[in-house]
Amino acid sequence: MAEQIKPDLVLDLKGLLCPMPVVKLSQAIKNLAPGSVVEGIATDPGVMADIPAWARTSGNELISIEKRDNEFHFLVRKK
Amino acid sequence: MEKENKLSMVIFSGDMDKILAAFVIATGAAASGMEVTMFFTFWGLQALKKSRRTGKGLFGKMLGFMLKDIKKLNPSKMSFCGLGRWMFKKMMRAKNVPLPEELRKMAIELGVKIVPCQMSMDVMEIQKEDLIDEAQAPVGVASFLEEASKSKITLFI
C-alpha cells in the first residue's frame, strides 16, 4: 500500500542516531507544502518508536514505517 | 493558567554528559514543534561561555581560570583529568552522535531560546560579552517561573 505513494522528498538518515533523524526530518518538512510526503530511510532502530512519537507531537501524519533488511523506511505526510 | 506547547529547562549542571542530554531533549522538542527555552545558571553557564578568561576581582579571576567552555566540559563520571572527555568524544564521533557544541548550534538554528541567569553571572563575574552572541539578555527567577508556569514540560538538569 505504502509503495504506491510517491514521496516528494527522500531523506537519507542512514548512520544518524538520536536526536538527528527527528531533527533532520523536521527541518526537511519545514520547507514543504502541506500534503507533501517525505520518505525517510534510517538505520537507527530507535526511529521505530521515535518517528511515530514525533508525528503525534508535531501533528504530522505517519503513513507507514517498516523494517526492510537492516534499514527502517517510513513515509510521513505534512499537515 | 492554560499550559502551552512549551518546554522550559533549567540547566544547572556543567557536566558534558548532562549538557549533551539537555541539548538532545531541547532539539528533539523543537523538532516536534515545541517552543523551547533553556535557562542556564551556575555551572551550566559554561555551556554558553566563549573560550576566554572571565572575572574581575581575585576570586572571580581564580574562578574564571577554572571555568570551561562547551568543548572542554568533562563528563560527570569517569572524567580522569580529561581522558574521559577525549574517550567519550571519540566514541560519539565513531557512532555519528553530534557533540555538545554541534547540538547547541542546532538548537539555536531550531529556534531554541538560550537565556542566561543574571544572578549567577553576577556572582561568578561573567559578563554578557563572555557568553555566545546567541544568548539572550540575562533574566532572573521570576522570568523563569513565568515561562515555566506556561510550559507543559519543565526540566531541571
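Trainee: In what order do the elements of chain B run from the N terminus on?

Mentor: Happy to walk you through this predicted model, where local features need pLDDT of at least 70 and side-chain atom pairs 80 or more, while totals for chains, interfaces and linings use all residues. Residues are numbered from 1 along each chain as written, with chains lettered from A and ligands numbered from 1 in written order. Chain B has six helices and four strands (DSSP runs numbered from the N terminus: H or I of at least four residues, E of at least two). Read from the N terminus, they give β-α-β-α-α-α-β-α-α-β.

Trainee: Which element gives the most to the side of chain B that touches chain A?

Mentor: Contact here means C-beta atoms, placed from the backbone, within 7 Å, and 11 residues of chain B meet 13 of chain A that way. Four of the chain B residues come from one element, residues 16-31, which is helix α1.

Trainee: Which strands stand at the edges of the chain A sheet?

Mentor: This open, mixed sheet has the order β1-β2-β4-β3, where pairing takes at least two DSSP bridges. β1(A), for instance, pairs in parallel with β2(A) over five bridges. Two strands have a single partner each, so one side of each lacks a neighbour in the sheet: β1 (9-13) and β3 (61-68) of chain A.

Terms used: Two residues are in contact if their C-beta atoms, placed from the backbone, lie within 7 Å.
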